[in-house]
Amino acid sequence: MGNEVDAVSTGTAAAEGVTDALFAAVADTVREVVAAEVVPRWRRLADADIVQKNGPHDLVTTADRLAEERLTERLTALLPGSVVVGEEAVSADPTLLGRLRGADPVWVIDPIDGTAAFVRGDVGFSTLVTLVRGGQPVACWTYAPQLDLFATARRGQGAHLDGKRLRTATGREPLRVWISNPVFRTDGERAVIGRLTAAGVTTVPCLTSAGLGYVEVARGLADGVAFFWEAPWDHAAGLLLVTEAGGTSLTTAGEPFGVPGGNALPFTVARDEETARRIVGLLAAGGPATPGAPGASAGPGTPGAPGDSGTPGSEAAGR
């Protein structure tokens, strides 16, 4: 077990406009949609259910598409006036990313984080939903059905895993940091990761779901993540989860990671500020930070992706 402690009641107080009723309704919705559209297709996909988007490891399945469609319908009904930025919808229309800079509340959806793992029949996939207001995540839900894991957070009210309060680790050495999948790294990214390992950091390649890496940090089983892409659906939920558990984020420009994009890459979300600065010091050493395009997802072939030359940046989570 990690650093889970008994949950404390939040009563009826609402954080950032997220009432207890809405918070619970979203959790129920995520469970129900995943049970209807994702779990029945796990290890039962036909060839026609799997499509390559930008390469053999950048996949989308029937389960991804249907889950995002159902979540979009139900979440916008739960919160009238809200809009959606979903991974699959943005793949079809990248201008939807601009919603993250608008005034409307935004549901950021990754219907299956770790699609490649899902296609392989691996248990390490999850569904990520985050409510963003004014560019800031205010509530998140991370659900891994085959691991029977459900992590949630509300800004100012802490992070929880299956009802137990989460706390990030303190004082452990050497650092244990989740990093991108080695299959997709550029030469520059390999050099950056080499600085981490040369400094004695234990690195854990993210071969399944980036969202689950964030859960490991929030529960105190890892000390941080170090990633090279900024797709909001991959990071928004984990960013809030870790910060509410005691952690912080930092880009190589020395600024907090911004969900709307335009971040200096790579970045870290770590167990505490001191650890974040240590990690960023290693990430930034020997070269300038790479800025992401404002609002860009840093996905496969997306302008603004680190080292972009068709490099599948968002595939680094093992998608």
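Me: What makes the approach between the side chain of Asp 113 and the backbone nitrogen of Ala 210 a polar contact?

Reply: In this predicted model, a polar atom of the Asp 113 side chain lies 3.1 Å from the backbone nitrogen of Ala 210. A polar contact needs a pair of N or O atoms within 3.5 Å, where one is able to donate a hydrogen and the other to accept it, and the value of 3.1 Å therefore falls inside that cut-off. The side chain of Asp 113 also reaches the backbone nitrogen of Gly 211, at 2.7 Å.

Me: Why is Asp 113 called buried, and which residues does Asp 113 touch?

Reply: Asp 113, which sits in strand E5 (residues 106-113), has a relative accessibility of 0%. Buried means under 20%, so Asp 113 counts as buried. Leaving aside residues up to four places away in sequence, Asp 113 touches Gly 124, Phe 125, Ser 126, Leu 128, Ser 209, Ala 210, Gly 211 and Asp 234.

Me: How do you know that helices H6 and H7 are roughly parallel?

Reply: The axes of H6 (residues 210-218) and H7 cross at roughly 5° and come within 9 Å. Angles under 35 degrees count as roughly parallel, and H6 and H7 are therefore described in that way. The contact involves Ala 210, Tyr 214, Val 215, Val 217 and Ala 218 from H6, and Asp 234, His 235, Gly 238, Leu 239, Leu 241 and Val 242 from H7. These residues divide into 8 nonpolar, 2 polar and 1 charged.

Me: What makes the span of H7 close to the expected one?

Reply: Helix H7 (residues 232-244) has 13 residues, and from its first C-alpha to its last it reaches 18 Å, which is close to the 18 Å expected at 1.5 Å a residue. Just after H7, Gly 246 takes a positive phi of about 120°.

Me: Why is H7 described as mostly covered?

Reply: Of the 13 residues of H7, 12 are buried, and buried means that each of those has under 20% relative accessible area. Among them are Trp 233, Asp 234, His 235 and Leu 239.

Me: How much of the whole protein chain counts as buried?

Reply: Of its 319 residues, 57% count as buried. The secondary structure of the chain comes to 8 helices and 17 strands, and among contacts with a separation of 6 or more, 68% join residues 24 or more positions apart.

How values were computed: Residues numbered from 1 in each chain as written. Predicted model: local features only at pLDDT ≥ 70, side-chain atom pairs only at ≥ 80, totals over all residues. Heavy atoms only, no water. Helix = DSSP H or I, 4+ residues; strand = E, 2+ residues; numbered from the N terminus. Expected span 1.5 Å × (residues − 1). Buried < 20%, exposed > 50% of the residue type's maximum accessible area, 1.4 Å probe, protein only. Contact = heavy atoms within 4.5 Å. Axes fitted to C-alpha atoms, helices over the stretch in contact; angles between N-to-C directions. Parallel < 35°, antiparallel > 145°, perpendicular 65-115°, else oblique. Nonpolar A, V, L, I, M, F, W, Y, C, P; charged D, E, K, R; others polar.
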